[in-house]
Amino acid sequence: HSLCKKKKELRILPADKGNATVILTEQQYIDKVEDHLNCSAYKPLNMNPTKSVTNKLDNVLKKLLNEKKITKELYNASRNLHPRYPQLYGTPKIHKLNAPIRPIVSFYNTPLVALHKTLSHYLKPLTRNSLPFH
């Protein structure tokens, strides 16, 4: 039991650079994330906007479906029935003093991901003959 408990208290993470592995205690990891979030680039939200964004998207898609501007298949493909909010995590920058984290936001299964995939499918062919962005 002691080894399992200790394992749960540790975070084993890839380093931001250098193909290395970093082991932090859970508290060290939380402290690094909180240090990063305490800068002026972020502000706390009063509520989780996931449901609101999902409802707004559903209303727009229903309107387009009712106006016969999209098919039922496109409507279904553009919706995420069980969305979650974006997840922030970080990888330690071991090449920097005190190894602050590099923030990474996972948008997996968020409200707009299905719409993004659907639009991407239709827009990608339009970019074939354009110049790449630099």
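1. Leaving aside residues up to four places away in sequence, T118 touches L74, A77 and S78, where contact means heavy atoms within 4.5 Å. T118 sits in helix α5, residues 113–123, and it is buried, with a relative accessible area of 10%. Buried means under 20% relative accessible area, exposed over 50%, and partly exposed in between, using a 1.4 Å probe and protein chains only.

2. This is a predicted model, in which local features need pLDDT of at least 70 and side-chain atom pairs count only at pLDDT 80 or more, while totals for chains, interfaces and linings use all residues. Residues are numbered from 1 along each chain as its sequence is written, and side-chain values use heavy atoms, with hydrogens and water left out.

3. Helices (H or I, at least four residues) and strands (E, at least two) are DSSP runs, numbered from the N terminus. In helix α2, residues 26–37, the end C-alpha atoms are 17 Å apart, which agrees with the 16 Å that its 12 residues should span at 1.5 Å a residue, the expected span being 1.5 Å times one less than the number of residues.

4. Within α2, Y29, K32 and V33 are buried. They cover an arc of only 95 degrees around the axis, so they lie on the same side of α2; the arc is that of the directions from the helix axis to the C-beta atoms. The cover over the buried residues of α2 includes β1 (10–14), β2 (21–25), β3 and β4.

5. K68, although not a glycine, has a positive phi of about 60 degrees; it lies in the loop between α3 (50–66) and α4 (72–77) and is exposed at 75% relative accessibility.
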